[in-house]
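Here is a short report on a protein and its ligand. Look over the sequence and the 3D view before reading on.

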Amino acid sequence: MTTRIGLVGAGFIGGRHADSLAAQDGVAVVGVADPRADRAAAVAGRVGARAYAGWADLLDAEDLDALYVCVPPHGHGAVEEAAIGLGLALFVEKPLATDLATAERLAARIGDAGLLTSVGYHWRYLDTVETARGLLAETPARMVLAAWLDKAPGVDWWARQKQSGGQTVEQATHLFDVARMLVGEVSGGSAVGSRSPEGPGDILDVCTAALRFESGAVGSFSSSCLLPRGTRIGIELVAPGLGLELTEHQLVVSDRDGRRTVDRQVDPIAAEDRAFVAAVRGADDDVRAPYAEALRTHRLVTAVAAAAAGNGTVQLPATIGAQR
Ligand SMILES: NC(=O)c1ccc[n+]([C@@H]2O[C@H](COP(=O)([O-])OP(=O)(O)OC[C@H]3O[C@@H](n4cnc5c(N)ncnc54)[C@H](O)[C@@H]3O)[C@@H](O)[C@H]2O)c1
């Protein structure tokens, strides 16, 4: 049986998902919606889908098994509500929204409807992250050093606080998510941020947080979008007798035997798409960031971003580790 998928948002990541889905056996991307007609047509043309100007038209016209939501952060809300109403399985790109309230509301509706969901925290599908997790299971991390030092992406919405939620929520969220996966929940901390006149848009262009984990581990998370290119995007973990340096492309392990580099063998975007489709078909259950799990990361990053923009104290919601 063919799994019929609709795609909302035909930009950079929507196009990548469309290509990786179309490359899977038994999957048809049947409709692509984007208000930018040229983008909808280009992606739809590549994968043999119909192009739509709006997601409502797509949902009206196509009989779908699942919907991919790949809109900018400020675009979340109404499209998921409509898909939930139709009982569709949902793949949602991170971040869940610019704010927490929208994500909490959608999570409650998804939970009530019992829908299958997956969120695009694709680092979770890296084989190198699995290797790191195995090593840390024996020797838990005591310290985390995470940094996303980069240029501002070129898309117009990215440097607008109201549209993206800022760098911590939009981008560094991957690092917070991996840290939660490898070290556990954060219990509190502080964060500061700042803007320079040269910075893009109206977001904080430097931000740093010092956090404590429930395990007792401590962590620092820094981000900046002031650079001309990415210089450091990854997370380091320190454990007794063990150092791990993880990027999206490789893992460097330092232990008593020396220092060795492990390159990733997996395309994590293709892997998350395969896992989602298998779950939609009921063939497998390897979705690693369902909406409820992604919500826990979103609670953390929205609290860190609010602290950096405000009085510095990270006020985690009481629900931080709860299912909903
Ligand atoms: N997992 C990852 O590594 C990863 C990588 C890139 C982007 N993303 C996330 O994906 C989202 C999109 O990023 P992008 O780089 O593809 O942005 P983009 O600007 O390239 O594409 C977004 C597209 O959505 C369209 N759009 C906006 N509102 C819409 C609506 N209501 N209905 C349909 N289409 C709409 C825009 O016209 C645009 O074509 C962001 O939240 C971003 O954080 C995730």
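Which residues line the largest cavity? They are Ala146, Thr168, Ala172, Leu175, Phe176, Cys207, Phe221, Ser222 and Ser223.

## About the model

This is a predicted model: local features need pLDDT of at least 70, side-chain atom pairs count only at pLDDT 80 or more, and totals for chains, interfaces and linings use all residues. Residues are numbered from 1 along each chain as its sequence is written, and side-chain values use heavy atoms, with hydrogens and water left out.

## The cavity

The whole structure holds one cavity of 30 Å³ or more. A cavity is a set of points, on a 1 Å grid over the protein atoms alone, where a 1.4 Å probe fits but cannot get out; lining residues have an atom within 4 Å of a point. The largest cavity has about 60 Å³ of space.

## The ligand's place

The ligand sits in the largest pocket. A pocket is an open set of grid points with protein on both sides within 12 Å along at least five of seven lines. To sit there, more than half of a molecule's atoms must lie within 2 Å of its grid points.

Around the ligand are 24 residues (a heavy atom within 4 Å). The closest are Asp34, Arg39, His122, Trp157 and Glu170. The shell has 13 nonpolar, five polar and six charged residues.

## Polar contacts

Polar contacts pair N or O atoms within 3.5 Å. Ligand oxygen atoms lie 3.0 Å from a backbone N or O atom of Phe12 and 2.9 Å from a polar backbone atom of Ile13. In the side chain of His122, an N or O atom is 3.1 Å from a ligand oxygen.

Definitions and conventions: Polar contact = N/O pair within 3.5 Å; in protein donor to acceptor, adjacent residues only side chain to side chain. Nonpolar A, V, L, I, M, F, W, Y, C, P; charged D, E, K, R; others polar. Points joined across faces, edges and corners; volume = space filled by probe spheres on them.
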